[in-house]
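Colleague: Before we discuss the labels, could you put the model on the screen, so that each term can be set against its definition?

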Amino acid sequence: MGITSASLSTKIQAEIIVEFGAPNDSSRLTKFCNAIARAIVDEFEQNAVVNSTGTVTSGAGAGGSVTTTGTIE
């Protein structure tokens, strides 16, 4: 499952509440966590590089190895 800003925001909020207790203004905490989560997810999506390796299973290259590089979405 991919990371989403919504799921990350919820996790950040939960951790803040565990550490510091319930906020006086929950909507402000939500906005704060949403902003942090969006920034993190955007940074990952724009800058992450994923390396993958595998083995060719058919055709002329069968048995050979394959390496590829991609990005996350």
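Colleague: In which hand does α1 pass α2, left-handed or right-handed?

Modeller: α1 passes α2 in a right-handed crossing, where right-handed stands for the near helix being turned clockwise from the far one by less than a right angle, and left-handed for anticlockwise. This is a predicted model, in which local features need pLDDT of at least 70 and side-chain atom pairs count only at pLDDT 80 or more, while totals for chains, interfaces and linings use all residues. Residues are numbered from 1 along each chain as its sequence is written, and side-chain values use heavy atoms, with hydrogens and water left out.

Colleague: What makes α1 oblique to α2?

Modeller: The axes of α1 (residues 5-20) and α2 (residues 26-47) come within 8 Å and cross at roughly 130°. Angles under 35 degrees count as roughly parallel, over 145 as roughly antiparallel and 65 to 115 as roughly perpendicular, with the rest oblique, and therefore α1 is oblique to α2.

Colleague: Why is Ile-3 called partly exposed?

Modeller: Buried means under 20% relative accessible area and exposed over 50%, with partly exposed in between (1.4 Å probe, protein chains only), so Ile-3, at 36%, counts as partly exposed. Ile-3 lies in the segment before α1.

Colleague: Why is β1 said to lie largely in the open?

Modeller: Of the six residues of β1 (residues 50-55), the number buried is zero, so β1 lies largely in the open.

Colleague: How do you know that β1 and β2 pair?

Modeller: Two strands pair if DSSP finds at least two bridges between them, and β1 and β2 (residues 65-70) pair in the antiparallel sense over six bridges; Gly-54, for instance, has Val-66 in β2 as its bridge partner.

Key:
Axes are lines fitted to C-alpha atoms, for helices over the stretch in contact, and angles run from 0 to 180 degrees between N-to-C directions. Helices (H or I, at least four residues) and strands (E, at least two) are DSSP runs, numbered from the N terminus.
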